Amino acid sequence: LQYSQTQLRGTSRFNSMAGAFGALGGDISTLGQNPAGIGVYRSSDVNATIGLDFNSATTTDIKTTDTKFMFNNLGYVGAIKLDSETMPNLNWGLSYNRLNSFHRHYTGYLSGIPTSVTNYFAEKAMQDGMTGVDLASTSGYNPFWDGPARWDQIAAFQTYLINPTNPQRNQFSGLGYDGVYGDAEFEIIEDGHTDEYNIALGGNIHNKVYWGFDMGITDLEYNSYKYYGEALENTVFPDQTESEYNVDGNAALGIVNESRTVGTGVNFKFGVIVKPINELRFGIAFHTPTYYSMKDTYTGNISSDFASEAFGSETKTNLSEYPWNDVRYEIRTPWHFIGSVATVIGGKAILSADYEYTANQDMKIKDDYGYELPDATNEIKSYLQASHNIRIGAEYRVTPNFSLRAGYSYQTSPTKDVVKNDEIDVEVSGTNPAYNYDNSIQHITAGFGYHYKSFYLDMAYVNQCRKGNYHAFSGIEDLPTVGAEVKDNNNRVTATIGFRF
């Protein structure tokens, strides 16, 4: 889901009208939205867009901020005039667009947590039918590579965060139970991007019907550092010599996960714009899924510290590390449908609206041999739903050379209520038990444009508000989860310089 998301980026004119260009065209950003927009061009166009992102994220009343420079867009459209009344123009275009920036940093502190991640590890180990033999390292047996257990269960067992409670060693207990209380903290640092390179071809028929075809080649990189820690008081743990529950005291734990994902993909887009009269336009576009080839590289470690009077002045420290490992796989992202309408009022004003449907529930994952992973596909359908995006934009020409613009967009959550209400066990991959999801995303935009002869300058301001939730682990059975709301507020300023000739 994260790798398939796109943001409102592109040229400043496109940004300032909230991306509501599906029925308008005539802008290089439409190559990646409704490629029929390339057919609207009557002359060639070249431009570039740069911007500054002012990012902030707030979680549990802790706010982090930073500023990042972005190169958002670069494009060229070549207009070829044909000696034909049926098709007066045949146009082609090339563009680079930053579709998504994964840059985000948030941190939080949770006091009086209702349970511990160690209880989650213990419950999952029992659900998976693990025993102490499966989780322990012995001579000639490395559970990380040789056994069926998940990494986090192995590391939790080897750091005494989960421990067997019966002679068969197939029942486990964590450190958080009645009478135990504690606090938690977390920090998430993400970076990376999704870039798309577009090759488009389009034209028009009798200046009434505009058509376009686009091939997009995507390049993805995602890097993350994720930490979760707990401090527990009044708990009981093994004395590490007899492996019995006969020592009580305080415990602290830390889970660190690092990952890097790279991928390349390809997609295709088709679109049509119909102009029955000069004052009215309708647009339809369809985006195929992006077919990605992916590679994840990840590592993690779990550490624990136990303090008890039974240890004297010494604190018992344990560490279990999962070495850097990589996995290759394939993703098919959602397909998109966009329906649009626009009107021109008095030759001075434009009103435009888009509706976009994204079929998140139809995503698929395959292994590196191209075989679908049915369990993952079923989980996608259980967790995700279609999202709906409404975009509205307006432009008013104050003078023949100067225009004002504004827009608004709202995107619904792609996550089902069973996930939001902790009614389903959310499976995770790699070495990280934590996950997050978005509730809704909205954009408020404004800007202006100035042109003189062949030169033009556009400026845009975009405010993006994204609300979501962070979960340190999934709630299962009667076990509650630990998490917090995350609110991102991104203020973006962009400038586009271009020439038409």
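Leaving aside neighbours within four places in sequence, Y41 is in contact with G26, D27, I28, V77, N89, N91 and R500, where contact means heavy atoms within 4.5 Å. The model is predicted, so local features need pLDDT of at least 70 and side-chain atom pairs count only at pLDDT 80 or more, while totals for chains, interfaces and linings use all residues. Residues are numbered from 1 along each chain as its sequence is written, and side-chain values use heavy atoms, with hydrogens and water left out.

## Y41

Y41 lies in the loop between α1 (12–16) and β1 (45–59). Helices (H or I, at least four residues) and strands (E, at least two) are DSSP runs, numbered from the N terminus. The side chain of Y41 makes a polar contact with the side chain of D45, at 3.1 Å. A polar contact is a pair of N or O atoms within 3.5 Å; within protein, one must be able to donate a hydrogen and the other to accept it, and residues adjacent in sequence count only if both atoms are side-chain atoms. Between Y41 and I189 there are 148 residues in sequence and 42 Å in space, C-alpha to C-alpha.

## N257

N257 belongs to strand β9 (residues 247–277). Its side chain makes a polar contact with the side chain of N432, at 3.4 Å. Not counting residues up to four places away in sequence, N257 touches W151, S224, Y225, K226, T299, G300, T431, N432 and P433.

## Helices α2 and α5

The axes of helix α2 (residues 117–127) and helix α5 (residues 151–158) come within 9 Å and cross at roughly 120°. Axes are lines fitted to C-alpha atoms, for helices over the stretch in contact, and angles run from 0 to 180 degrees between N-to-C directions. The two helices are therefore oblique to each other; angles under 35 degrees count as roughly parallel, over 145 as roughly antiparallel, 65 to 115 as roughly perpendicular and the rest as oblique. F121, K124 and A125 of α2 make the contact with D152, Q153 and A156 of α5. By class, this contact has three nonpolar, one polar and two charged residues. Ala, Val, Leu, Ile, Met, Phe, Trp, Tyr, Cys and Pro count as nonpolar, Asp, Glu, Lys and Arg as charged, and the others, Gly among them, as polar.

Eight of the eleven residues of α2 are buried, and the helix is mostly covered. The buried ones are V117, T118, N119, Y120, F121, A122, K124 and A125. They pack against α5, β6 (172–173), β8 (209–237), β9 and β11 (291–307). Just after α2, G129 takes a positive phi of about 75°.

## Loops with positive phi

Most residues other than glycine have a negative phi. H206 is not a glycine, yet has a positive phi of about 55°. It sits in the loop between β7 (181–205) and β8. K453, in the loop between β18 (435–452) and β19 (455–471), is not a glycine either and has a positive phi of about 55°.

## Accessibility

The table lists relative accessible areas. Buried means under 20%, exposed over 50%, and partly exposed in between (1.4 Å probe, protein chains only).

| Residue | Relative accessible area | Class |
|---|---|---|
| Y41 | 2% | buried |
| N257 | 4% | buried |
| H206 | 47% | partly exposed |
| K453 | 70% | exposed |
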